[in-house]
Amino acid sequence: MQYAILGDIHANLAALEAVLESLEGEVIDQILQVGDVVGYGAAPGEVIRLLQERDAIVVKGNHDAACVGELDTRLFNANAKAAVDFTLDQLSREDLQWLADLPLLHATDHCVLAHGTLPDPDRFDYIQSTSEADPSLDALDRPVAFVGHTHVPVTIMRLIESPDRTSYTIDREVNLEETTVALVNVGSVGQPRDEDCRAAYALYDTATQRIELRRVEYDIEREADRIVRAGLPKMLADRLFLGI
């Protein structure tokens with residue numbers, strides 16, 4: 001089984017199109033997406049449609065939850081709140097119902113998907129350290145979990161040679177045959193925050209137990225212009241060029 005795993009898209013149409021185009025030369029059995037389909041960007045409906053057309057398996061992120069009234073936007077900064085208000089004006093009733101119906105967790109035969117943590121996924125907690133990853137690794141009943149939320153690609157794992165120690169790597173290739181469990185943050189399609197402005201995603205081959213984290217360039221100028229023309233805060237356009 002070959003999976004493509006997409007991180008936070010945040011309504012960035014150009015980035016999603018570039019990722020999907022880069023997958024055309026691959027044999028992909030299933031596209032997985034770890035939440036935050038919408039928010040920040042200016043093309044929420046178009047992004048939803050592309051995921052639906054690809055029969056992607058999607059879990060709910062905090063921005064998705066905010067758009068359907070499941071998360072108080074008073075927890076958001078001003079730019080994020082403005083993006084939620086914009087998104088609500090753009091989406092149809094059917095789009096909003098699709099977001100509302102997204103699960104917080106999804107398990108395939110080979111992996112688990114969540115936006116933040118596996119325990120209490122409705123809290124949308126961040127995993128930014130090995131200690132913060134431990135509860136999710138303890139709860140994991142598959143070889144690997146894929147998450148998003150921080151927009152920074154990293155793999156946190158327990159190695160077979162030292163199963164009681166949680167470690168991490170920023171290597172772009174991960175061999176699950178060397179781990180007991182692993183948690184992979186695949187980065188962000190639409191708003192990277194690791195100072196690399198390229199869209200991020202991952203491939204997972206269950207036959208070889210290999211995961212590859214990839215980057216692809218996209219037309220940032222076009223997407224930034226879309227954000228500005230939509231009347232969203234200009235900072236949301238500017239940050240795309242910087243990968244922050």
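Two aromatic pairs are present in the structure, where rings of Phe, Tyr and Trp (its six-membered ring) pair if their centres lie within 6.5 Å, with planes under 30 degrees apart counted as stacked, over 60 as edge-to-face and the rest as tilted. Tyr-3 and Tyr-204 make up a stacked pair, at 5.9 Å centre to centre and with 20 degrees between the planes. Tyr-3 belongs to strand S1 and Tyr-204 to strand S11, so this pair ties together parts that lie 201 residues apart in sequence. Both Tyr-3 and Tyr-204 are buried, a term that stands for under 20% relative accessible area, with exposed meaning over 50% and partly exposed in between (1.4 Å probe, protein chains only). The ring centres of Phe-146 and Tyr-204 are 5.7 Å apart and their planes meet at 55 degrees, so the pair is tilted. Here Phe-146 comes from strand S6 (residues 144-147) and Tyr-204 from strand S11, so the parts tied together are 58 residues apart in sequence. Phe-146 counts as buried at 0% relative accessibility, and Tyr-204 is likewise buried with a relative accessible area of 0%. Through these ring pairs, Tyr-3, Phe-146 and Tyr-204 are linked into a cluster.

The model is a predicted one, in which local features need pLDDT of at least 70 and side-chain atom pairs count only at pLDDT 80 or more, while totals for chains, interfaces and linings use all residues. Residues are numbered from 1 along each chain as its sequence is written, and side-chain values use heavy atoms, with hydrogens and water left out.

Strand S1 and strand S11 sit in an open sheet of six strands with mixed pairing, in the order S3-S2-S1-S11-S12-S9. Helices (H or I, at least four residues) and strands (E, at least two) are DSSP runs numbered from the N terminus, and two strands pair if DSSP finds at least two bridges between them. The edges of this sheet are strand S3 (57-58) and strand S9 (173-175), each of which pairs on one side only. Two bridges join strand S2 (residues 30-33) to S3 in the parallel sense, and Leu-32 has Ile-57 in S3 as its bridge partner. Helix H1 (residues 13-22) lies across strand S1 (2-6), S2, strand S11 (199-205) and strand S12 (210-216), and runs at about 30 degrees to S11. Such angles run from 0 to 180 degrees between N-to-C directions, with axes being lines fitted to C-alpha atoms, for helices over the stretch in contact; contact itself means heavy atoms within 4.5 Å.

Strand S6 takes us to another open sheet of six strands, also with mixed pairing, in the order S4-S5-S6-S10-S7-S8. Strand S4 (105-107) and strand S8 (162-169) are at its edges with a single partner strand each, so one side of each is left without a neighbour in the sheet. From one strand to the next, the twist averages 15 degrees. Within this sheet, strand S7 (residues 154-159) runs antiparallel to strand S10 (residues 179-185), with six bridges joining them, and Arg-158 has Val-181 in S10 as its bridge partner. S7 is also antiparallel to S8, through five bridges, and Leu-159 stands opposite Ser-162 in S8. With two residues between them, S7 and S8 form a hairpin.

How is S7 covered on its faces? Val-154, Ile-156 and Arg-158 on one side, and Thr-155, Met-157 and Leu-159 on the other, are all buried. S7 is thus mostly covered, with six of its six residues buried. Helix H6 (residues 130-139) lies across S7, S8 and S10, running at about 65 degrees to S7.

Turning to helix packing, the axes of helix H7 (residues 220-229) and helix H8 (residues 234-242) come within 8 Å and cross at roughly 170 degrees. That makes H7 roughly antiparallel to H8, given that angles under 35 degrees count as roughly parallel, over 145 as roughly antiparallel, 65 to 115 as roughly perpendicular and the rest as oblique. By class, the contact of H7 with H8 has eight nonpolar, no polar and three charged residues; Ala, Val, Leu, Ile, Met, Phe, Trp, Tyr, Cys and Pro count as nonpolar, Asp, Glu, Lys and Arg as charged, and the others, Gly among them, as polar. Residues of H7 in this contact include Ile-220, Ala-224 and Ile-227, which meet a set in H8 including Leu-236, Leu-240 and Phe-241.
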